[in-house]
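Welcome! Open your viewer, get your selection tool ready, and let's take a short walk around this protein together.

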Amino acid sequence: MTNKNPLTELKNVEDCACFNIRAAARTLTRAYDDALKPVGLKVTQFTILAAINKIDEAVPIGTLAKALSMDRTTLTRNLGPLEKQGLVEVLPEGYRRSRGMVLTEKGRKTLEAAAPLWRRAQETTVGRIGSERWTSLQQDMVALVG
């Protein structure tokens, strides 16, 4: 019977899937944040605006949180600055006490101005990864999240 020291295994943190995925996510987040800086958005904010725009109607917070793989509390906290900037409007509670949100006109214009900046960051990222690897990686991430 062999008793391995668990601390020995932890010395290879670079083998940890979570470590590597989070490191890649931080690197990508910085790149997209830099790209979106001219319109005053972070990529997390851009993603929320794009998701609201995609649904294109008053979307309940719970539905949006699920679509973004976020918990409601985190999403609500992230909506605050967007609401203060006048980019989204959080509607009063309605059916089943759920609050919905919509893009304001300012939010649509900001998203429209951000789209080409995001597109360039996306093209740069996919270019670095390679189209085939990106397609495979995207499928793997969808499977991981799903």
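Predicted model: local features only at pLDDT ≥ 70, side-chain atom pairs only at ≥ 80, totals over all residues.

**Stop 1: two cysteines**

Start by selecting cysteine 16 and cysteine 18. How many disulfides does the structure hold? The count is 0. To see why, look at the sulfur of cysteine 16: its closest cysteine sulfur is the one in cysteine 18, and at 5.3 Å that is too far for a bond. A disulfide needs the two sulfur atoms within 2.5 Å. While you are here, check how open each residue is. Cysteine 16 is partly exposed, with a relative accessible area of 34%, and cysteine 18 is also partly exposed, at 46%.

**Stop 2**

Now click on valine 145 by itself. Which helix does valine 145 lie in? It belongs to helix H7, which covers residues 131–145. Is valine 145 buried or exposed? With a relative accessibility of 58%, valine 145 counts as exposed.

**Stop 3: a salt bridge**

For the last stop, select lysine 37 and aspartate 34 and show their side chains. The structure holds 1 salt bridge, and the side chains of lysine 37 and aspartate 34 meet in a salt bridge with an N to O distance of 3.9 Å.

Note on methods
Residues numbered from 1 in each chain as written. Heavy atoms only, no water. Buried < 20%, exposed > 50% of the residue type's maximum accessible area, 1.4 Å probe, protein only. Helix = DSSP H or I, 4+ residues; strand = E, 2+ residues; numbered from the N terminus. Salt bridge = Lys/Arg side-chain N within 4 Å of Asp/Glu carboxyl O.
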